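Reader: Could we go through the aromatic residues of this model together? I would like to start with a single side chain.

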Amino acid sequence: MNLKHPAKKAIVALTMAGVFGVSAIGVNHAVFPLQQAEAAQAANTGDYAAKQALKTLNSFYKPALKGQFPGAVSGLTIGKSTKQDVYKTIGEPSVPGKHADAFDVYGANMGNPGYAFSYKLNKIREMRYFGTNVERQTNIGGITMKMLKQNWFAPDATTTFKTGKIKQTKLTYNRGEYKLEFIFNSSTELDHINLLKKQP
């Protein structure tokens, strides 16, 4: 850039002043409008994700009283619906259980959440919700222990256990005859949600 011409020098000086907030005393502070806009957008995206995650969390509250999950599997009931009912509702599992107590697993795909079902005498014994892989933070990926406790208050039981090398924490909430278990890998990472009947 050739800065010999006085007018060009003045233009460059004004441009630098606009970008770096230069005053008569010197540089006040760096002003990066694009970065500020990106930071604001990130904050808004974070707020949106948190709101959607809370909406996901709260969608489990009422159906659990009936032994049900919300969404695509709503209407399937613990202890009442059969394996055939599940197949009719969401099809056959991507990974069928290999023995009587094993879970039939439905993998998350195309924005659809993942599920798992175990059966006893052909009736659903337990349902698991694994959430979506796409935009996971707006689903269960955005549900933290703090969010859960702030909105649903203290759990009825808290236990920790190891799954392989991962130490997990289970927060249990009793909902009528049923219980919802939130399985966390850490305070900010919810792995999945279980629904089963309370033991007498």
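Reader: Is Trp-152 buried or exposed?
Author: Trp-152 counts as buried, at 7% relative accessibility; buried means under 20% relative accessible area and exposed over 50%, with a 1.4 Å probe and protein chains only. This is a predicted model, in which local features need pLDDT of at least 70 and side-chain atom pairs count only at pLDDT 80 or more, while totals for chains, interfaces and linings use all residues. Residues are numbered from 1 along each chain as its sequence is written, and side-chain values use heavy atoms, with hydrogens and water left out.

Reader: How many aromatic pairs does the structure hold?
Author: There are 10 aromatic pairs, counted where ring centres of Phe, Tyr or Trp (its six-membered ring) lie within 6.5 Å; planes under 30 degrees apart are stacked, over 60 edge-to-face and the rest tilted. In one of them, the centres of Phe-60 and Tyr-129 are 5.0 Å apart and the planes stand at 65°, so this pair is edge-to-face.

Reader: And how accessible is Phe-60?
Author: Phe-60 is buried, at 2% relative accessibility. Tyr-129 is likewise buried, with a relative accessible area of 8%.

Reader: Back to Trp-152: which residue does it pair with?
Author: Trp-152 pairs edge-to-face with Tyr-173, at 5.5 Å centre to centre and 90° between the planes. Tyr-173 is buried, with a relative accessible area of 4%.

Reader: Which residues do ring pairs link into a cluster?
Author: The cluster consists of Phe-60, Phe-69, Tyr-106, Tyr-115, Phe-117 and Tyr-129.
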